[in-house]
Amino acid sequence: MLKMAAEGGGKEANEIKTQFTTREGVYKLLPNSEYSRPNRVPFNSQGSNPVKVSFVNVNDQSGNGERICFNVGRELYFYIYKGVRKAADLSKPVDKRIYKGTLPTCHDSNALTATAESVSLLVGFSAGQVQLIDPIKKETSKLFNEDRLIDKSTVTCVKWVPGSEHLFLVAHGSGCLYLYNVEHTCGTTPPHYQLLKQGESYAVHTSKSKSTRNPLLRWTVGEGAVNEFAFSPDGKFLACAGQDGFLRVFCFDTAELQGTMKSYFGGLLCVCWSPDGRYVVTGGEDDLVTVWSFSDSTVVARGRGHKSWVSVVAFDHCITSVQDSEAPAEFSGSDEDFQDQVQSNGSRERANSTQSRISKRNSTGISVTYRFGSVGQDTQLCLWDLTEDILFPLSRTRTHTNIMSGETSTNGNNSATPSNSPLPRSNSLPHSSGNSPKSVVDSALIATGVSKFATLALHEARKERHQEKDHKRNHSISYISNKSSDKLNQLIGTQKAKTDGAKTLGTTLCPRMEEIPLLEPLVCKKIAHERLTVLIFLEDCLVTACQEGFICTWARPGKVGLLSSQNPANSPSGTVV
């Protein structure tokens, strides 16, 4: 049962909370585990870029494998992260850098190559450059887009391509994404491009050059900035949250558009995938969190709890649970462990293909609950549970989930579906008969003189697609045959209205508020003085950060450990709830 954590009025509503309770127990703020600038002075955040935090595990045998990186204003810090075990020692950063003329905006470490002796850390900047540094060796190896010949707009997001030692992807405020190879230079003249792939509201170009140079690819996506992107857990798909309010999900290998969703209004600021790759959650300027089904290309639910823009959304893989009617058991472990557990009744070709098994829950008794969180400019942390009653609305009459609204089926289909059959779905990649789409990444690499793209397991993905049926997502026979002619006409109309925000309201791209379930948060607490910019779930804790530059560690229930006796006098002013 979903329950709103109501706050009192007046002074109490403005008090900062230092602990909160969920069904699994009490989460406690650990004041001595707070990371910040060494002087602990609140940062004057007016007009500055958001504080961002990234982690990497260096597989240190001593047990202190986690490393934390964060930017505050012009400064960048890299520390050994001690989490719930020991107090933070801010006097001993592994590396500290102060930049002039530009500000760090985002960063990402390569988990594949990280060791206790070396970490490949990418840092994006407000002037458009991307720097590759090693904070452990205190080296700066390369600077990409140094002369801003590729893109002059701010870097909004930078990530290593999953499974690659050399490739990384960068998003800019211009609405472009660029694929780089760390082993290549950028050239001394502006790049020239040739069209490689084009679709609705996006285009992919490759560098037109006789010599190998960066960028390998340029993606132009939507209108306005790409505020954030996220790779699916299997690394095959790319979800982009745009300032134009659209979520666009691509097959990264082929640049095929897999699905689209539109915000209720305003831009989308953040995006994340569920641990099994079946759902995408977004947040943005409509103050809502939106849950979108990747396999069905439909909005499953919206969550309302924030009072201002939602800046970060993240799934908690440790609280995602797989249960049966006789032996409910909460799942706790890695994403890989989770997929092993949900696949225990049969093999699956793709990470998100567990839906066919889970959607048969009426006959098997299996159910899945997802936990995700969000933070926003309202300084509030919200936690949400996405349960079977929302995911499979046909069972709502039996389980009577308490939601604010949403008697309408999530896929908009009012016809009854047999309880022992899976919901309409399509997990096959769209491709034409006889030939699978050609990899645009391979094409770009071949065009620049690179013969292989071995760092990504893309050839295996293409083999899988040869074995899959010939149909496009949302256009499979099984999907459309379950819909009335009116619904089919609405689907066709939706395709025509994709780029017109005003016309998308009331379509499958952007259902009206009364057409889908509206979630209430399990927890909704004010935890900072300034807007929140970070939410990361770790095994023993969750990490938040605000624009003042304070990175806070919240111990999970039963995980306080050595820091259980921390002195509350050192904590920020606040109350315990």
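Trp554 is buried, with a relative accessible area of 1%, where buried means under 20% relative accessible area with a 1.4 Å probe and protein chains only. The model is predicted, so that local features need pLDDT of at least 70 and side-chain atom pairs count only at pLDDT 80 or more, while totals for chains, interfaces and linings use all residues. Residues are numbered from 1 along each chain as its sequence is written, and side-chain values use heavy atoms, with hydrogens and water left out.

The structure holds 26 aromatic pairs, a pair being two rings of Phe, Tyr or Trp (its six-membered ring) whose centres lie within 6.5 Å, with planes under 30 degrees apart counted as stacked, over 60 as edge-to-face and the rest as tilted. Phe20 and Trp554 form a tilted pair, at 5.6 Å centre to centre and 45° between the planes. This pair links distant parts of the chain, 534 residues apart, with Phe20 in strand S1 and Trp554 in strand S33, strands being DSSP runs (E, at least two residues) numbered from the N terminus. Phe20 is also buried, with a relative accessible area of 1%.

Note on methods
Helix = DSSP H or I, 4+ residues; strand = E, 2+ residues; numbered from the N terminus. Buried < 20%, exposed > 50% of the residue type's maximum accessible area, 1.4 Å probe, protein only.
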